[in-house]
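Work through the exercises below with the sequence and the model at hand. Each task is followed by its solution.

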Amino acid sequence: MLHFLNSIKVDKKTMRFYAECSLCGKRKLGPPVPILCRGRKRLENCEKGKSNPLSQKVFNHVKAAAMQILAVHFNQCRSCLEWVCDDCYDENDPCGACKKCSEKRKTALAKCENI
C-alpha cells in the first residue's frame, strides 16, 4: 500500500487528491486538500514533507484518508505490481494480473502450446 500512497497526487486546479491508472491514465478524484495546506508554496512544502507541523499533520492525515477512499477503485497487478483501475484489471486472470500482463501471459502460453 505504500506504493499506492506514494502514487497519490494533488490536482492543483481542483485542489483535490487523485490517483491515476498506470495503464489508461484515468483519474479518480479523492477528497479536497485541507485549507491549511492551500497556496502554491505551502502545498509544495506539504507534498515534500517540509511544511509546518500542523499543516503537515493535516495534509498527511487527509492524504491517508484519500488513499483509503481511492484504493477501492484500483487493483495491484501481481505481475508488474502497478496499480490499475478496475477497467484495466483482468478479473478472469487466475494470477490477478492487469489486462496488459494477462495478454502477455496468454500470448506466451499460446506460443508454448504451438511448439
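The model is predicted, so local features need pLDDT of at least 70 and side-chain atom pairs count only at pLDDT 80 or more, while totals for chains, interfaces and linings use all residues. Residues are numbered from 1 along each chain as its sequence is written, and side-chain values use heavy atoms, with hydrogens and water left out.

**Exercise 1.** Describe how helix 2 and helix 3 pack.

Step 1. Helices here are DSSP runs of H or I with at least four residues, numbered from the N terminus. The axes of helix 2 and helix 3 lie 9 Å apart, at an angle of about 65°. Axes are lines fitted to C-alpha atoms over the stretch in contact, and angles run from 0 to 180 degrees between N-to-C directions.

Step 2. Helix 2 is therefore roughly perpendicular to helix 3, a term that covers 65 to 115 degrees.

Step 3. From helix 2, Arg 42, Leu 43, Asn 45, Cys 46 and Glu 47 meet Ser 55, Gln 56 and Phe 59 of helix 3; contact means heavy atoms within 4.5 Å.

**Exercise 2.** Locate Lys 50 and decide: is Lys 50 buried or exposed?

Step 1. Lys 50 sits in the loop between helix 2 and helix 3.

Step 2. The relative accessible area of Lys 50 is 61%, so Lys 50 is exposed (over 50%; buried is under 20%, partly exposed in between, with a 1.4 Å probe and protein chains only).

Step 3. Leaving aside neighbours within four places in sequence, Lys 50 is in contact with Asn 45 and Gln 56.

Technical notes: Helices (H or I, at least four residues) and strands (E, at least two) are DSSP runs, numbered from the N terminus. Angles under 35 degrees count as roughly parallel, over 145 as roughly antiparallel, 65 to 115 as roughly perpendicular and the rest as oblique.
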